[in-house]
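Here's a quick tour of a protein chain, meant for reading with the viewer open. Take a look around before going on.

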Amino acid sequence: MRNPLSDKIVTIKPSGIRKFFDIVSEMEDALSLGVGEPDFDTPWHIRDEGIYSLEKGRTFYTSNAGLKELRVEICNYLKRRFGLEYDPVHEVILTVGGSEAIDIALRAMLNPGDEVIIPQPCFVSYEPCAVLADGVPVIINLKAENEFRLTAQELEEAITDKTKVLVLPFPNNPTGAIMERKDLEAIAEVVIRHDIFVITDEIYAELSYGSERHVSIAELPGMKERTVLINGFSKAYAMTGWRLGYCCAPAVIAEQMLKIHQFAIMCAPTTSQYAAVEAIKNGDVDVERMREEYNQRRRYLMHAFAEMGLPCFEPYGAFYVFPCIREFGLTSDEFATRFLQEEKVAVVPGAAFGDCGEGYLRISYAYSLESLKVAIGRLADFVGRLKAERDRER
């Protein structure tokens, strides 16, 4: 029988995030710090709007691009928060989560052989989506000494005459790293000079903890016309299961993204769109409340790591920490596997987010402070045993 499979899809590895999640789901009394999903319920006023839409029988398709009311509110939000102005009719598309937006942006923009620069460690979808769009991923290994930020020099050195797109994944999953305005200004200068495009994934834009607000590269002079901005409702509004994201792009790009969306999806979930109108209009207080609690958890983890002597740079975005475990002589997969087996706590090996993530762990603090305290207590015990083992071998 002929091989029924695509050679291209067979070469793509499954997500390294889900491996430990699947194991812990079947392990009694286990704790998971592995999944990047808020532990908060979607706020009631948002759920109520979704329920009301069902009661009113609003169960039909929306337009392909999504409810115009929601697209208008997204534009209002982006102008209010970042000073960005988009045309809700021609430059905004509602997608099934931010993940769909990543996929259709790359498929709309790439020709076979075009290079896509992807700074790693990063979210697991960018590289396989680039491959599926017949692009060539070019990986930049970010460095802890730079707080896992992308530098203009690193970008300059990665660009060739085949480069077309830079993926800019900040605030970052898995490191929690951010890019400040001065960092983005240096990146923008390189992007404009080499005439390339940017896909900026800003799904964690509202979860920034530094003294300065989040800055979008699309705000900078000369960048809006060469940037696809991706965001959504999953993280900031605790709406992961509603599966709703959006992208904003120049009309010439958005028009082609919409064609792919039409044929593959039709439209984003109708109920989710009605709920999202309420979220983006009246959810600022909810976002701030959740952000403050995440920040409390972040500070707790940094203090706990310092006490147990586990090196970790201080992250100022998203809800992840990325401690270094190289001193123990274990791969990140070995460390995570032993930790799960011996202490019944799941974390994600750093290598799941790119080769340069080896020697690190991703720990999510999208869990209650009480759960974090139990899990980190077990981590301290485990680290103590590893240090004792190491000392005995010397």
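What follows covers the overall fold, the surface and the nonpolar cores.

## Overall build

Keep in mind that this is a predicted model. The protein chain folds into 13 helices and 12 strands. Its radius of gyration is 21 Å, close to the 21 Å that the globule rule gives for 394 residues, so the chain is as compact as a globular protein of that length.

Now for who touches whom: take the contacts between residues at least 6 apart in sequence, and 75% of them join residues at least 24 apart.

## Surface and charge

Of the 394 residues, 55% count as buried. The protein chain exposes about 17200 Å², with carbon and sulfur atoms supplying 51% of that area.

On the charge side, there are 44 positive and 60 negative charges, and their mean positions sit 1 Å apart.

In soluble globular proteins, nonpolar side chains tend to be buried together. Here, the largest nonpolar core holds 42 residues, and L33, Y294, F305, F335, I376 and L379 touch the most other members. Elements giving two or more residues to this core are α11 (284-308), β9 (320-321), α12 (332-343), β12 (361-364) and α13 (369-393).

Zoom in on F305: leaving aside neighbours within four places in sequence, F305 is in contact with L310, C312, V321, P323, I363, I376 and L379. There's also a second, separate core of 31 residues, including L84, M239, W242 and Y274.

Technical notes: Residues are numbered from 1 along each chain as its sequence is written. This is a predicted model: local features need pLDDT of at least 70, side-chain atom pairs count only at pLDDT 80 or more; totals for chains, interfaces and linings use all residues. Side-chain values use heavy atoms; hydrogens and water are left out. Helices (H or I, at least four residues) and strands (E, at least two) are DSSP runs, numbered from the N terminus. The radius of gyration is taken over C-alpha atoms; the globule rule is 2.2 Å times the number of residues to the power 0.38. Buried means under 20% relative accessible area, exposed over 50%, partly exposed in between (1.4 Å probe, protein chains only). Contact means heavy atoms within 4.5 Å. Accessible areas come from the Shrake-Rupley method with a 1.4 Å probe; for residues, only the protein chains shown count as cover. Lys and Arg count as positive and Asp and Glu as negative; His and the chain ends are not counted. The place of a charge is taken as NZ of Lys, CZ of Arg, CG of Asp or CD of Glu. A nonpolar core is a set of buried Ala, Val, Leu, Ile, Met, Phe, Trp, Tyr and Cys residues joined through side-chain atoms within 4.5 Å.
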